[in-house]
Amino acid sequence: MELWIAGAGGVGREALDVAIAAGLDVAGFLDDAKAGSTVRDLPVRGPDAIPAGATFVVAIGQPSVRLDVAARLAAVGAVPLSTSLVHPRSIVGPLTEISDGCLVSGGAHISSSVSLGAHVQVHYTATVGHDCVLEEGATVLPGANVAGAVRLGRASMIGSGAVVLQGLTVGAGAVVGAGAVVTRDVDAGAVVVGAPARPLEL
């Protein structure tokens, strides 16, 4: 299998570490801004230069950009990693479903009966409780705690060290700020901060 990592920044290099730990061979990175260079001794190409039929994982922190890049790669015949990129030192509970193109970093703990949609990221030391649903592109940043039966909408982001209490919904495209404590549902597209979390007036 020829695995390419889309994104040669910090998350991309962390994804390379996960791939190495998982025993996967990485052919190189895909990144418009760094095309023609090397990162960690691997070549960097523009995304459109990925070989047809090659396998990819998108390692970009911003959820909406990640989904756009995944669609761009699929349009030129590349295929998202079907087994997903899961660090062997993460914990994934029974009856948990992980869709194509996900990234789960070392030290992450995903409980039982969780559903991860395509291109979801759960970063190091983050926890996701039982029966959660993380829709396509949702992101849980380092050290965040998502309690049981939470739904994270498409391309939502939970900031580092944030807490989302049991049974709540974070809407599509919403952002929960670092260290926030979410005690009620978050509307789609909202940005919430603080403890308890409240909408940020932009």
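Visitor: In what sense do strand β1 and strand β2 pair?

Guide: In this predicted model, local features need pLDDT of at least 70, side-chain atom pairs count only at pLDDT 80 or more, and totals for chains, interfaces and linings use all residues. Residues are numbered from 1 along each chain as its sequence is written, and side-chain values use heavy atoms, with hydrogens and water left out. Strands are DSSP runs of E of at least two residues, helices are runs of H or I of at least four, both numbered from the N terminus, and two strands pair if DSSP finds at least two bridges between them. Strand β1 (residues 3–6) and strand β2 (residues 26–30) are joined over 4 bridges, and the sense is parallel.

Visitor: Which residue in β2 stands opposite Ala-6?

Guide: Ala-6 points from β1 the other way from Leu-3 and Ile-5, and is buried (under 20% relative accessible area; exposed is over 50%, partly exposed in between, with a 1.4 Å probe and protein chains only). The residue opposite Ala-6 in β2 is Leu-30.

Visitor: What is the order of the strands in the open sheet?

Guide: The sheet has 6 strands with mixed pairing. β1 pairs with β5 in the parallel sense over 4 bridges, and Trp-4 stands opposite Phe-56 in β5. The order is β3-β4-β2-β1-β5-β6.

Visitor: Which are the edge strands?

Guide: An edge strand here pairs on one side only. The two are β3 (38–39) and β6 (79–80).

Visitor: Which strands does helix α2 touch?

Guide: Helix α2 (residues 63–75) packs on the sheet, where contact means heavy atoms within 4.5 Å. The strands touched by helix α2 are β1, β2 and β5 (55–58).

Visitor: How many residues apart in sequence are the parts that Asp-32 and Arg-72 tie together?

Guide: Asp-32 forms a salt bridge with Arg-72 (a side-chain nitrogen of Lys or Arg within 4 Å of a carboxyl oxygen of Asp or Glu), and their closest N and O atoms are 2.9 Å apart. Asp-32 lies in the loop between β2 and β3, while Arg-72 lies in helix α2, so the parts tied together are apart in sequence by 40 residues.

Visitor: Is Arg-151 buried or partly exposed?

Guide: Arg-151 forms a salt bridge with Glu-135, with the closest N and O atoms 2.7 Å apart. Arg-151 has 36% relative accessibility, so Arg-151 counts as partly exposed.

Definitions and conventions. Axes are lines fitted to C-alpha atoms, for helices over the stretch in contact, and angles run from 0 to 180 degrees between N-to-C directions.
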